[in-house]
Amino acid sequence: MRIVVMGCGRVGSALASELSAEGNDVLVLDTDPTAFRFLPDDFRGTTHVGNGMDIDVLGRIHVADADAFVSTTRGDNRNVMAAQIAKHVFGVKIVATRIFDPLREEMYRNMGLRTINPTRVQAKRLKRVIEAPSDEAANALVTEFMRQEDL
Amino acid sequence: MVTEAKKGMYIIVVGGGKVGFHLAKELVEANHEVLVIEQDSVKAKEIADELGDIVLDGDGCEATILEKAGTARADMLLAVTGDDQDNLVACQVAKQRFNVARTVARINDPKNEQFFRKLEVDITVSATSAIMAHIEQELPTHHLSVLVKIKGSDLELVEMRIPDDSRVVNQPVRNIMLPYQSMVVLVVGEDGLPKVPSAETVIHAGDEVVAVTLHESEQQLRDAMLSPASARGF
């Protein structure tokens with residue numbers, strides 16, 4: 001698949017390198033050229049410095065030819081704006097985005113974006129880690145969370 | 001006798017920068033009920049000091065804040081922050097969750113105008129486009145300028161000054177190959193008098209012509225009305 005990942009933070013870079021390692025054609029977009037340092041040395045995808053909310057930038061990287069577009073910047077509004085441009089201006093079929101605000105996440109999910117909201121899950125998990133009877137029990141919980149994520 | 005105050009609308013202004021502040025001030029003076037939502041508490045306080053208790057300190061893109069603002073009973077929401085993405089989201093939340101009848105977004109990047117209007121934004125206002133339009137009108141090389149976009153369609157009203165070498169000079173309107181859904185609606189000759197053209201009206205060099213066209217047909221209209229006669233082997 002051809003996949004565009006907007007935002008090369010910790011999540012964006014991890015996602016891009018995993019997708020690329022699996023043989024996908026990945027392009028990572030970030031406004032900050034130093035953000036690409038998060039990518040592993042053996043990353044085989046493309047990096048591009050530019051703003052994913054700019055229709056011209058998305059045109060230049062031929063986002064219309066992508067199978068999927070994912071926005072993972074720290075800004076909810078930036079993420080949904082870029083995702084909607086990819087979907088409605090360029091007709092990308094699979095458009096996914098991370099939204100921290102649970103209310104906005106629900107709304108944009110109902111409007112046809114594939115959304116993920118890390119806030120609730122993380123709050124619940126942190127609560128369970130605090131409530132664990134011992135440090136060992138807390139660490140075991142965290143290991144269990146990571147195992148679930150690898151499934 | 002006390003004159004009853006004219007009953008205005010309830011208008012929410014998202015963003016208390018210069019645009020938001022002056023807009024709120026004008027709206028208050030025009031007897032509308034106004035609420036400014038500004039997330040910078042220093043700015044929020046400055047506006048409150050100036051305009052009174054009409055400011056809510058918070059993020060106007062958040063449903064909880066818009067709920068507090070009574071957005072469900074708002075007649076209009078104006079999103080005028082300096083960031084296009086924030087203005088888009090404020091309008092979308094207002095429409096989706098609170099059914100606000102009219103949403104207006106300030107736009108910085110003119111390329112976003114069409115896309116915003118596809119997505120819950122009823123009206124877009126772009127200072128960049130407005131200034132460009134004025135500049136284009138002043139430039140002798142730009143013979144076509146957009147006067148206004150027609151609401152609820154992709155149509156716009158454009159004005160053209162017919163150049164001396166245009167292929168339509170001394171041609172009647174019926175000879176002009178206009179693009180799809182385009183029509184000439186007004187001709188102002190050198191006498192300065194407006195004339196609704198018929199098929200037989202002859203166009204002269206220097207005429208000001210007002211036409212309706214689809215946004216995407218602008219270039220075709222330019223070609224049909226403004227390009228030199230030789231360009232298409234006339």
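**View 1. Contacts within chain B of this predicted model, counted by separation in sequence.**
Take the contacts in chain B between residues at least 6 apart in sequence. Of these, 56% join residues at least 24 apart. Chain B has seven helices and eleven strands. Its radius of gyration is 23 Å, well over the 17 Å that the globule rule gives for 234 residues, so chain B is more spread out than a compact globule. Along the principal axes, the C-alpha atoms of chain B fill a box of roughly 65 × 45 × 30 Å. Buried residues account for 31% of the 234 residues in the chain.

**View 2. The two domains of chain B.**
Domain 1 of chain B covers residues 10–130. Domain 2 covers residues 139–232. How far apart do the C-alpha centres of domain 1 and domain 2 of chain B lie? The distance between these centres is 37 Å.

**View 3. Parallel strands β1, β4 and β5 of chain B.**
Start with strand β1 of chain B, residues 10–14. It pairs with strand β4 of chain B, residues 76–79. The two strands are parallel and share four bridges. Now look at strand β5 of chain B, residues 102–107. Four bridges join β4(B) to β5(B), and these strands also run parallel. Here B:M76 stands opposite B:R102 of β5(B). Follow the chain from β4(B) through α4(B) to β5(B). This β-α-β crossover is right-handed.

**View 4. Where chain B touches chain A.**
Chain B brings 14 residues to the contact, and chain A brings 15 residues. On the chain B side, the elements that give two or more residues are α4 (84–98) and α5 (112–118). Which element gives the most to this side of chain B? The answer is α4(B), with seven residues. What kinds of residue make up the side of chain B that touches chain A? Seven are nonpolar, two are polar and five are charged.

**View 5. Positive phi at B:N31.**
B:N31 is a residue other than glycine, yet its phi is positive, near 70 degrees. Find B:N31 in the loop between α1 (18–29) and β2 (33–38) of chain B. Is B:N31 buried or exposed? Only 12 or fewer neighbours make a residue exposed. B:N31 has 12 other C-beta atoms within 10 Å, so it is exposed.

**View 6. Positive phi at A:H62.**
Now turn to chain A. A:H62 is not a glycine, but it has a positive phi of about 55 degrees. The residue lies in the loop between α2 (55–60) and β4 (68–71) of chain A. A:H62 is exposed because 12 other C-beta atoms lie within 10 Å.

**View 7. Parallel strands β4, β5 and β6 of chain A.**
Strand β5 of chain A spans residues 94–98. It pairs with β4(A) in the parallel sense over four bridges. A:A68 stands opposite A:I94 in β5(A). From β4(A), the chain crosses through helix α3, residues 76–89, to β5(A). That β-α-β crossover is right-handed. β5(A) also pairs with strand β6 of chain A, residues 114–116. This pairing is parallel and has three bridges. Look for A:T97, which stands opposite A:T115 in β6(A). Helix α4 of chain A, residues 102–110, makes a right-handed β-α-β unit with β5(A) and β6(A).

**View 8. A:I99 and its contacts.**
A:I99 sits in the loop between β5 and α4 of chain A. Is A:I99 buried or exposed? A residue is buried if 20 or more other C-beta atoms lie within 10 Å. A:I99 has 25 C-beta neighbours inside 10 Å, so it counts as buried. Which residues is A:I99 in contact with, leaving aside its neighbours within four places in sequence? They are A:D76, A:N79, A:V80, A:R104, A:E105, A:Y108, A:T115 and A:N117. A further pair to locate is A:I99 and A:E144, which are 45 residues apart in sequence. In space, these two are 25 Å apart, C-alpha to C-alpha.

Terms used
Residues are numbered from 1 along each chain as its sequence is written. Chains are lettered from A and ligands numbered from 1 in the order in which they are written. This is a predicted model: local features need pLDDT of at least 70, side-chain atom pairs count only at pLDDT 80 or more; totals for chains, interfaces and linings use all residues. Two residues are in contact if their C-beta atoms, placed from the backbone, lie within 7 Å. Ala, Val, Leu, Ile, Met, Phe, Trp, Tyr, Cys and Pro count as nonpolar, Asp, Glu, Lys and Arg as charged, and the others, Gly among them, as polar. Domain bounds come from an automatic or database domain assignment. Two strands pair if DSSP finds at least two bridges between them. A crossover is right-handed if, with the strands pointing away from the viewer, the path from the first strand over the helix to the second runs clockwise. The radius of gyration is taken over C-alpha atoms; the globule rule is 2.2 Å times the number of residues to the power 0.38.
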